[in-house]
Amino acid sequence: MTQPAVSIVLVSYNMRRELPRTLLSLCPPYQTDIARADIEIILMDNGSDQPPTLADVAHLNADIRIVQQAQPSVSPVSAINHGLSLARAPLIGVWIDGARLASPGLIAACRLAATLHPRPVVATLNYQLGPTLQFESVRHGYDRQAEDHLLHTIDWPQAGYRLFDVATSELRGGPEGPMLESNALFLPRPLWDELSGYDPAFVEPGGGVVNPDTYLRACALPDVQQIRIVGEGTFHQIHGGVSTSTPESAMAVLQTGSRLYRQRRGRPLATMRDPGWLYDAQSRSVIQSPIGARA
Amino acid sequence: MNQRLPCDRDTLRAWMVAYIGGVLSLPEQVPTDQTFDAYGFDSVEAVVMAGVMEEEFGVQVDPVQLFENPSIDKFVAAFASDGGGNIAGAEQRD
């Protein structure tokens, strides 16, 4: 068995509607400029009522391994760390929310960006399908049916980049603005090992703010370079998750997470204000970086 | 959130100035009379601050009140122990 170039550890829980689309979006030919042999997908099922099976993914053009988490938890942390232990590629992306679609060039862009620095922290940007952030959209009738229709109207998956036409960025300040987390964070294996993966202390539902914690810890490792990917992204499908259902639940998750983070880390949770390098996936070059660092 | 924080206006103002100044790494003093978004303190950071406030002061802090009192001066007036503002609106929300 040849070693893939990129492993993706994807966590799923009760996403019968969303997961097939997500997996399709991670596989060639939807994913461009990358071959089947270059990718492995480790699908960590975290206790779904109807777990996905190999038959469900047999039609997809990728090496997909489905793993049932032995002791499922409300937090995805154990599943992620188990998946990380199984990953074989030198570059590993953690996909903490299995309800997020990828844009077509995302994996190739992350792979290329990761070659630009010996210790890269490659962060993709988060979007949410719909006219506004989903906790707001649901107040105006946005639901799964509306989202299905929305994807139909843009001819997805044939027109993958049209996701940008029907989505809302989670970054109000744009790609160079303050950022709290990345749904798909790509690090070389040694950096994941230095981090010891995701922190098992985050036992609350959804892991609380474990994803921001991991992103911030990765960026704080010595001699790393954060590289944000511009022109690609991950797109959240609505599925009743705690942080996207209502404004109240979204705020409660963040506020409680902030309090617990302060207890655990001894400092306030803070957004990452240094954008690092911005890597433009279309031109395949760094468009914002310290002097002399353009690729 | 229907209670004031257990600290006076000067203490709460100083705490918020230090917190926000630290988050934003502002070279100058945080302008207490300007709205949070005027100097780039966004809604996500406000909700995070509400969680830290709860830890710091030991009382519940409704982040919505940071949006309805969107400057340090306004929030301090409404929720410091010796604040002169009216929190009746906040009480009705709860």
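This is a predicted model: local features need pLDDT of at least 70, side-chain atom pairs count only at pLDDT 80 or more; totals for chains, interfaces and linings use all residues.
1. By class, the side of chain A that touches chain B has 6 nonpolar, 4 polar and 4 charged residues.

2. Salt bridges. There are 3 salt bridges between chain A and chain B. One of them joins the side chains of A:R259 and B:E54. Its N to O distance is 3.2 Å.

3. Extent of the interface. On the chain A side, 14 residues are in contact with 20 residues of chain B. The size of an interface is often given as the accessible area lost when the parts come together. Here the area buried between chain A and chain B is about 1,500 Å². Carbon and sulfur atoms give 60% of it. Three residues, A:M251, A:Q255 and A:R273, supply 38% of what chain A buries against chain B, more than any other three residues.

4. Strand 7 of chain A and its neighbours. Strand 7 covers residues 126-129. With strand 11 (residues 234-236) of chain A, strand 7 pairs in the parallel sense over 3 bridges. There, A:N126 has A:T234 as its bridge partner. With strand 8 (residues 167-169) of chain A, strand 7 pairs in the antiparallel sense, also over 3 bridges. A:S169 in strand 8 stands opposite A:Y127.

5. Side chains on strand 7. Which way do the residues of strand 7 in chain A point? A:N126 and A:Q128 point one way, A:Y127 and A:L129 the other. In a regular strand the side chains alternate between the two faces of the sheet. All four named residues of strand 7 are buried.

Note on methods:
Residues are numbered from 1 along each chain as its sequence is written. Chains are lettered from A and ligands numbered from 1 in the order in which they are written. Side-chain values use heavy atoms; hydrogens and water are left out. Contact means heavy atoms within 4.5 Å. Buried area is the accessible area (1.4 Å probe) that two parts lose on being put together, summed over both. A salt bridge is a side-chain nitrogen of Lys or Arg within 4 Å of a carboxyl oxygen of Asp or Glu. Ala, Val, Leu, Ile, Met, Phe, Trp, Tyr, Cys and Pro count as nonpolar, Asp, Glu, Lys and Arg as charged, and the others, Gly among them, as polar. Buried means under 20% relative accessible area, exposed over 50%, partly exposed in between (1.4 Å probe, protein chains only). Helices (H or I, at least four residues) and strands (E, at least two) are DSSP runs, numbered from the N terminus. Two strands pair if DSSP finds at least two bridges between them.
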